[in-house]
Amino acid sequence: MKTPRFLLSTVFLFAALAFTPIQSGWAARASAQSQSKSASSVSTVPAPETTLGFKIGEDRKLAKWDQFLAYFGQLEKSSDRIKLDTLGKTTLGRPFVVATISSPENLKRLDEFKEIQRKLSDPRLLANQSESAISELIKAGRTVVVITCSIHSTEVGGTFTATELAYKLTSQNTPEVKQILDNVIVLLVPSLNPDGTDIVADWYRKTLGTSAEGSAPPELYHHYVGHDNNRDWYAFTQVETQLTVDKLLNVWRPQILHDIHQMGGGGARLFVPPYMEPWEPNVDPALVAGVNALGTSMAWEVISQGKTGVVFNTMYDAWTPARAYAHYHAGLRILSETASARLATPVEVPFNRLGGGFNYDAKVSSWNFPKPWRGGKWTLRDIVDYQGAGAMALLNHAARQRELYLRNFYEISKRSVEAKEGPFAILLPEPEVPASLAAAFKRLKEGLNQVSGTKQEQHEQGEQVVKNITGEPSTGDEVIYYYKIEGLDRVLNILKRGGVEAMRASRDFTADGKNYPAGTHIIFMKQPYGAFAKALLESQVYPDLREYPGGPPKRPYDVTAHTLSLLMNVKAVFVKGSFAVESKPEPSALVIQSRVRPNAGVRVAMYKNHLASMDEGWTRWVFDQYKFPFTSLRDSEARAGGLNAKYDAIIIPDQSVGALVNGLPGGAGAAGRGSDAARGQERIPLAYPDEYAGGLGEAGVKALREFIEAGGTVITFNNASNFAIEKLGAPVRNVLKGVASRDFYCPGSILRAQLDSSSPLAFGSEKESIAWFENSPAFEITDPASAKAIARYPESESPLLSGWILGDNLIRGKAAMVEAKIGKGRVILFGFRPQYRAQSLATFPLLFNAILTSRSDQ
C-alpha cells in the first residue's frame with residue numbers, strides 16, 4: 001500500500017520539533033502584556049480601538065478601509081518595527097498596501113535581505129560560490145513570510161486579524177515576539193480586496209437590525225470577479241493580483257505565504273494543512289513535505305492552547321496553481337480556514353447540528369480532528385482569536401526553523417535549475433501568417449521596431465501602429481490568425497509575469513528531429529520557474545479518486561484543468577532531447593486585440609441580477625478589456641418588457657434556473673435582530689429588502705420570450721442554457737439532467753469540440769476547438785427543423801483533453817452549442833462557458849460571433 005505523503009511529513013515534523021518548546025501563542029495575549037516591555041512600546045503604540053472606534057471582535061462592528069489605513073498609518077508613526085507602503089490602486093481606486101514588520105535592525109537592511117533572497121532563488125547566481133559561502137549566505141538571511149488576508153471580503157475576520165497581529169508585533173517585547181522580529185520579515189497585506197472591504201461594511205451597516213443582517217451583499221464583492229479573485233494566481237487578470245505578484249511576491253520571493261480565509265460555520269473551527277490529495281505533480285516534493293510539516297505544527301500549537309475543532313487533511317487540495325503561486329516559486333502556501341459567523345453578527349450552533357466534510361465528522365474525534373468543538377455561540381472575536389493563533393504558530397515555526405526554511409528554499413531552487421527530469425524545453429511556435437496579411441505584417445514589424453518610451457507609451461504607440469497597418473480582418477483565416485497571435489502574446493506575458501524566462505530563436509534550428517523557424521519562442525526548463533511553465537502548458541491528468549472502492553467520485557475542491565495552451569489556442573511542443581539554438585531574451589509582447597471584434601452597432605444587454613454571478617462579472621471584464629459596448633439588464637427592466645426597442649442581443653451568463661427566476665429571498669424588515677440564539681445561522685433564513693429580492697419571475701420570463709419571438713437573440717452560458725430549455729422553449733434536451741455523479745462527472749475540464757464550419761457562428765474558428773466543461777449540460781436536439789448544432793463532442797473517442805471526466809460515453813456525439821429558432825428570433829445555447837475566467841480565448845470567437853450576427857435589421 002502506498003504510504004500517504006502527509007504521514008511521512010508528519011513523522012518528519014515530530015522528529016524535527018521534538019526538542020523545540022511550544023510557545024504559548026495568541027492565547028497568552030493577556031499574560032504576555034504583563035511581561036516586561038520597553039517604555040516606548042507601552043506608551044507610544046496605540047491600540048486598534050483608538051482609531052477604529054471599537055475593540056476588534058466586538059459584535060456587530062465592521063470597519064471600512066480608510067479606518068484600517070488610518071490605524072496602520074498610526075502604527076508606522078509610533079513604532080520603528082513597521083514600514084507601510086502603497087503598492088498601487090485597486091480596481092475601484094483605493095490604496096493597496098503592505099506592512100513590512102520586523103526588528104528595527106532588520107528594517108534597516110531590507111535591500112540586503114532582498115538580495116539574499118534573489119541569490120538563493122536562482123542558484124545560477126551562486127555557481128562560483130563554495131558550499132561554505134552559500135551556508136554563510138543562508139545564515140545571514142531571514143525567513144520571509146507573506147501574510148494575505150480577506151481576499152474574500154465577506155470573510156471579515158482576516159483584516160481585523162492582520163490589524164491585531166500588527167499591534168501585537170509592534171507593541172510587545174515578549175521572548176516570542178522578539179524571536180519572530182529578529183528572525184522573520186513579515187510582509188502583511190491587511191486586505192487583498194480593499195474595495196470589497198467597503199462593499200461588505202456598507203451593506204452590513206445598512207442592514208443592521210433587519211432580517212438581512214449578516215447577509216452577503218447583493219453584488220459581487222470584487223467589482224469584476226467576486227469570489228473568483230482567489231482563482232487568478234496564474235492568469236493574473238485583476239489589478240490586485242498583478243500588484244501582489246509584481247510588487248511583492250516577485251520582489252521578495254517568500255519562503256512562506258500564509259493565506260487567511262474563512263469557511264462555513266457548520267463544522268470544524270479551523271482548517272490548516274496537510275491538504276487532502278491530490279497535489280499538482282509539478283510541485284517539488286520538499287514543498288509538499290514542508291507544507292505538511294508546517295501545517296501540522298500549527299495544528300499542534302493551536303490545539304495545545306486549548307482550542308478545539310481544529311482539522312487538517314480535509315476539504316482543500318493543492319491541485320491547481322490558480323490558488324498557489326508560491327508552490328511554483330519555491331515557497332510554501334499555507335491556507336487557513338476559520339469557521340464564519342454572519343459577518344460580525346454572532347451565531348449559535350448546537351453541537352448536535354454540526355456536520356463535517358471530507359474525511360472527518362465534526363462530532364467525532366479522529367487522527368486529523370483530535371478534539372471536536374462542543375458547539376455554542378460563535379463570534380467575530382472567536383474568528384480573530386483562531387486566525388491569530390494560527391498566524392502566530394506559523395511565525396513561531398518560521399523563526400525557530402529559519403535556516404531550515406532558507407536551506408530548503410535554496411535546494412528547491414537548485415533542483416529547478418538542474419531540471420534533471422522532464423522535458424529539456426517547451427517550444428511555442430509562431431502561427432503562420434496568412435498570405436493576405438504578409439505584406440501588412442512586414443510593415444507592422446517595421447513600425448513596432450520604432451516604438452519607444454515608457455511601457456504605457458509603447459503600448460499606446462503599438463496599438464496605433466496595429467490599427468493603422470492591419471485594418472479589419474476580412475477573411476476567416478485572418479481572424480483565426482489574430483486570435484492565435486493574441487493567445488500566444490497572452491501566454492508569453494503570463495509566463496513572464498510569473499518569472500519564467502522565455503527566449504526567441506534568432507535562426508532556424510532542429511529539436512527532437514524536427515525543424516523550427518527563427519522567431520520560435522523557447523522556454524528552457526533549466527531555470528528557477530520552469531515548473532510553472534510546464535504546469536500551465538501541459539495537459540492535466542487528474543486522478544480518479546473515489547469515496548470508497550466502486551463508490552461515487554471524490555469531488556475535487558476546484559476545477560481539474562488549467563492548460564493555457566489549450567484554452568488560448570497556442571501550440572506547445574515539449575522537447576525531450578537537448579538541442580543547440582541561437583536565441584535572445586523575449587521582449588515584452590504587445591497583445592493584438594483591437595482589430596478583431598468591432599461592435600458593428602449591435603445593441604447588447606447583459607443580464608445581471610442581485611444574486612450576483614461571477615460569470616457575469618467575468619463577462620463584464622472581458623467586454624471592458626475589448627471596449628465592447630453593453631448595458632447591464634436588471635430584473636426590473638426585464639420584467640417591464642419592451643426589450644426589442646432597446647436591444648438586439650441579451651446575454652444570460654452562467655446561473656441556475658432557480659437563481660435566474662427567483663433571485664434573492666425577499667421580505668426583509670426592521671423587526672429587530674432578536675437574541676443571538678434566535679439569529680443562529682441554522683435557524684432563521686435571511687431575507688433581503690424588496691428592492692433586491694426576486695429574479696426574473698414570470699414577468700421577466702414572458703418578456704424574454706416576447707423579445708425572442710419578435711426577432712431578438714438570447715445567448716445563454718452553461719447552466720443558464722437549462723433556463724433556455726425549461727423557460728424559453730428551446731427545442732433541446734439536456735441529456736445530463738438527473739444523471740447521478742457516480743455515472744457522469746466532469747467538474748472543470750477542457751474537452752474537445754468539433755465545430756460546424758459552415759455556420760456564421762463559427763467564423764474565424766478552426767473546426768477542431770475546445771469547450772470548458774464545468775458541471776455543464778450537453779444537448780440533444782428535439783426539433784431538427786428549428787435547431788442546429790454548432791459544436792459537438794466527438795462520437796468515436798473520449799472528448800477529454802485535460803482534467804477529468806467520468807462517464808464520457810454519455811456526451812459523445814452530443815451537441816455542445818446549439819442555435820435554435822423561436823419565432824422571428826433565436827436562442828444560442830452554450831453548453832460551456834465560452835469566456836471562462838477570461839482564459840478561454842479559443843472560444844471567444846463563438847461568443848462574439850453570436851453577438852455580431854444579432855442585428856435586428858440583418
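**Reading the sheets and helices**

Modeller: Start with a helix on a sheet: helix 14 (residues 380-400) lies across strand 3 (143-149), strand 4 (184-189), strand 5 (256-263), strand 6 and strand 8 (332-339), and runs at about 165° to strand 5. Helices (H or I, at least four residues) and strands (E, at least two) are DSSP runs, numbered from the N terminus. Axes are lines fitted to C-alpha atoms, for helices over the stretch in contact, and angles run from 0 to 180 degrees between N-to-C directions.

Biologist: What kind of model is this, and how are residues numbered?

Modeller: This is a predicted model, in which local features need pLDDT of at least 70 and side-chain atom pairs count only at pLDDT 80 or more, while totals for chains, interfaces and linings use all residues. Residues are numbered from 1 along each chain as its sequence is written, and side-chain values use heavy atoms, with hydrogens and water left out.

Biologist: In what order do the eight strands of the open sheet come?

Modeller: The order is 1-2-4-3-5-8-6-7, with mixed pairing. Two strands pair if DSSP finds at least two bridges between them. Strand 1 (82-89) and strand 7 (310-311) stand at the edges with a single partner strand each, so one side of each has no neighbour in the sheet. Strand 7 pairs with strand 6 (residues 270-271) in the parallel sense over two bridges, and F271 has V311 as its bridge partner in strand 7.

Biologist: How do I read two packed helices?

Modeller: Two packed helices are described by the angle between their axes and the distance between the axes. Here, the axes of helix 7 (residues 110-121) and helix 8 (residues 131-140) come within 10 Å and cross at roughly 135°. The two helices are therefore oblique to each other; angles under 35 degrees count as roughly parallel, over 145 as roughly antiparallel, 65 to 115 as roughly perpendicular and the rest as oblique. F113, I116, K119 and L120 of helix 7 make the contact (heavy atoms within 4.5 Å) with L137, I138 and A140 of helix 8.

Biologist: Which residues of helix 5 meet helix 11?

Modeller: W65, Q67 and F68 in helix 5 do, against P194, T197, D198 and R205 in helix 11. Helix 5 (residues 65-78) and helix 11 (residues 194-207) pack at an angle of about 120°, their axes 8 Å apart.

Biologist: How should I think about the two faces of a strand?

Modeller: In a regular strand the side chains alternate between the two faces of the sheet. In strand 23, T713, I715 and F717 are on one side and V714 and T716 on the other, and all are buried. Buried means under 20% relative accessible area, exposed over 50%, and partly exposed in between (1.4 Å probe, protein chains only). Five of the five residues of strand 23 (residues 713-717) are buried, so this strand is largely enclosed by the rest of the structure.

Biologist: How many bridges join strand 22 to strand 23?

Modeller: Four bridges join strand 22 (residues 649-652) to strand 23, and the two run parallel. A649 has T713 as its bridge partner in strand 23. Strand 23 also pairs with strand 31 (residues 825-830), in the parallel sense over five bridges, and there T713 has R826 as its partner.

Biologist: Where does E501 lie?

Modeller: E501 is in the loop between helix 18 (476-497) and strand 14 (503-505). E501 is partly exposed, with a relative accessible area of 35%. Not counting residues up to four places away in sequence, E501 touches R124, I522, I523, Q527 and P528.

Biologist: And the sheet that holds strand 14?

Modeller: Five strands form an open sheet in the order 18-13-17-14-19, with antiparallel pairing. Its edge strands are strand 18 (573-575) and strand 19 (583-585), each pairing on one side only. Strand 14 and strand 19 are joined by three bridges, and A505 has S583 as its bridge partner in strand 19.
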